[in-house]
Amino acid sequence: MNRILRETSTEYQTEIQLIQGDITTVKADGIVNPANSQLMHGGGLAGTLARKAGPSLQKESADWIQEHGPVSHSTPAYTAAGNLPFKAIIHAVGPVWGSGNEKVKLRSAVLGSLNRALELGLESLALPAISTGIFGYPLQEAAEVILTAVRDFSIQSESNGLSRILIVVYDERTASPFRAAWDGIFQ
């Protein structure tokens, strides 16, 4: 069961929500997959998405890599969603903690995902806690970077096209630092 933990609207009527639950079941046009640069969807949320989407997801991802090369932080890849109820999956490469310049790389991955959603004509996008799983990004720091990037993006232009941005966290361990960061950023 998905629970709305926090929500707000910007002056340009972009609705932003913090949700605890299963990102694969939220109502959104697109979803962000926290991917690696080679789009090998083996573990974590990427593995879950690959299983739920079916084999077409890994095939399209391999085709993307063959055509475009490795995915960068600022320019996410995208594929269809296979068996999942989304128009697209945006594959964002967040930083591995300890790789250097992590804050800039994570902000770039979030903004790149939001901009890719605009390019694809999506009206709503669900983002997970990028880089906080196997990439080891500390939750409190990641929450601040992700939420600040979403806020900055949502207020940059009245014509940005995304009417809903959902930040979806899976468990209470992740929800707690995201709530704390939200209260400092959106209040």
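Which residues are buried in helix α1, residues 44-53? Before I answer, two notes on what you are looking at. This is a predicted model, in which local features need pLDDT of at least 70 and side-chain atom pairs count only at pLDDT 80 or more, while totals for chains, interfaces and linings use all residues. Residues are numbered from 1 along each chain as its sequence is written, and side-chain values use heavy atoms, with hydrogens and water left out.

Now α1. Ala46, Gly47, Leu49, Ala50 and Ala53 are buried, where buried means under 20% relative accessible area, exposed over 50%, and partly exposed in between, with a 1.4 Å probe and protein chains only. Helices here are DSSP runs of H or I with at least four residues, strands are runs of E with at least two, and both are numbered from the N terminus. Looking down the axis of α1, the buried residues fall within an arc of 160 degrees, so they line one face of the helix. The arc is taken from the directions from the helix axis to the C-beta atoms. Their cover includes β3 (30-35) and α2 (55-68). After α1 comes Gly54, with a positive phi near 100 degrees.

On to α2. Which of its residues are buried? They are Leu57, Ser61, Trp64 and Ile65. These cover an arc of only 95 degrees around the axis, which puts them on the same side of α2. An α-helix has 3.6 residues a turn, so residues three or four places apart point the same way. The face turned away from the buried side carries the exposed residues Pro55, Lys59, Gln66 and Glu67. The buried residues of α2 pack against α1, β4 (77-79), β5 (88-93) and α3 (102-119), with contact meaning heavy atoms within 4.5 Å. Just after α2, Gly69 has a positive phi of about 85 degrees.

Last, the pocket. Which element gives the most to the lining of the largest pocket? That is α1, with 5 residues. β3, α1, β7 (164-169) and α5 (172-185) each supply at least two lining residues. A pocket here is an open set of points on a 1 Å grid over the protein atoms alone, with protein on both sides within 12 Å along at least five of seven lines, and lining residues have an atom within 4 Å of a point. Of the 28 residues that line the largest pocket, Pro34, Gly44, Leu45, Ala46 and Gly133 are the closest to its centre.

Methods: 1 Å grid on protein atoms, 1.4 Å probe; cavity = no way out; pocket = protein on both sides within 12 Å on 5 of 7 lines; lining within 4 Å.
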